[in-house]
Structures are given as structure tokens and as C-alpha cells.
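Please walk through the aromatic contacts of the protein shown below.

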Amino acid sequence: MISNPDLSYEKKLWIAYQYIAGLDEAGRGALAGPVCVGAVILPDDNPHLVRTLSGVRDSKQLTPRQRDQLAPRIKEIARAWGIGFASADEIDALGIVPATRLAASRALEAMSFLPDFLLTDFRLELPELDLSQTALVKGDQHSLSIASASILAKTARDKLLVELDPQYPQYGFARHKGYGTLAHCRMITKFGFSPVHRKTFQIKSHLI
């Protein structure tokens, strides 16, 4: 079902907080490449914001072309935005959840100023930060801030995997973006891991 996120959560929070950042990740379940987190602070003084960002929703419900068209609009309208990565080596060393939180911290550090409240997708809580925050189940389907962040994370990570493709052409990163497709799993079995693979992740045996 196609979601239509809105500003219901943000409007309640804007009563007490001025700068609310939505956060979401991309690439958590991939076999190769980094995990990426986007962070977006939308303006609280634009009465036409939902209409201006029409089409913004959970990045998984959009085509690559739609995401690529929406990402510049989000960056232009946002009061601040940031993108952070955690590498495959960091994922192997820390585990996927701590590495995702590391990427989220880097996304916040990349912003032109820090928010005073975080709206995060579920399992992206940042308890180590002294910031008020709420994690929403399927947040990218409900919150326009989180949906915007999901698009920035997805487009940034996809772009990086396309750029990695010529370095490791045998794996087909430009096609599957590091996820565990049948073709990708077979290439790992044939060629082994590349430097950008997550060596602690298990390849599903039924796909090989």
C-alpha cells in the first residue's frame, strides 16, 4: 500500500521544539557497501510544505528516477540536512546496529546546525545523544521528515555503489546496490569477498 506521510508528528512537536530532524537509514540489510543515514530538518513556517513535497514518501515505494528527482527538492527546502556513512569494515567491527547509529551521528554532524529533537525510524534510536527523540514504527510511512531523510539516504548510498561498480565490476554493484540478490550471492561464492563486503554477514545458502 502506498503511504502518504504528513506533518502530524512534527506539528505536535513544533509547539515545544523548533528544529526537528527526521532520520532514516539505507543499506542496513545489504551484503556490501556502507550503511547510510539521512537527516532532514523541515521548516516549520511553510504552510504549503506538504504540497511542495508532494510525492515524498518511503523511499522503497519510489522508483530510482522519482528519488533522484525528489532529493534536490528536499535539500533546497530543508532548513538543514546531512548524510552519514559507516563502512563495511566498521559494520564488521561494531555490528550493524552500532554502526548504523555511528552513521546517524555523522549525519547530524554534517548538518549546518544541530536539531533539538529527533524523529527517527524504528530501531534508529540514539540513546548516547543528549537529545529528546521519538522512534516511530514505519516512521518513513508516517512522518514527512523521516520520509525525506529516507530518500536522501537511499540516493546517496545508491550513488556510492554505482561509483564502486567500476572498481569491482564482477559483482554488479550498480545493478543490485550491494543487496543479496541471487546473482550477487553467486558472484561472492565465485570471487570471494571484496574490500567493501561485510564479511560478518551470512549469505543465504538457498540463494547460491
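Which residues do ring pairs link into a cluster? The cluster holds Tyr 168, Tyr 171, Phe 173 and Phe 191.

This is a predicted model, in which local features need pLDDT of at least 70, side-chain atom pairs count only at pLDDT 80 or more, and totals for chains, interfaces and linings use all residues. Residues are numbered from 1 along each chain as its sequence is written, and side-chain values use heavy atoms, with hydrogens and water left out.

Over the whole structure, the search finds five aromatic pairs. Rings of Phe, Tyr and Trp (its six-membered ring) pair if their centres lie within 6.5 Å; planes under 30 degrees apart count as stacked, over 60 as edge-to-face and the rest as tilted.

One of the pairs joins Tyr 17 to Phe 117; this pair is tilted, with 4.8 Å centre to centre and 50 degrees between the planes. Tyr 17 sits in the loop between α1 (8-13) and β1 (20-26) and Phe 117 in strand β4 (residues 117-121), so the contact ties together parts that are 100 residues apart in sequence. Helices (H or I, at least four residues) and strands (E, at least two) are DSSP runs, numbered from the N terminus. Tyr 17 is partly exposed at 25% relative accessibility, while Phe 117 is buried at 5%. Buried means under 20% relative accessible area, exposed over 50%, and partly exposed in between (1.4 Å probe, protein chains only).

Within the cluster, Tyr 171 and Phe 191 form an edge-to-face pair, 6.3 Å centre to centre with 70 degrees between the planes. Because Tyr 171 lies in the loop between α6 (144-164) and α7 (173-176) and Phe 191 in helix α8 (residues 182-191), this pair ties together parts that are 20 residues apart in sequence. Tyr 171 is buried, with a relative accessible area of 3%, and Phe 191 is partly exposed, at 41%.
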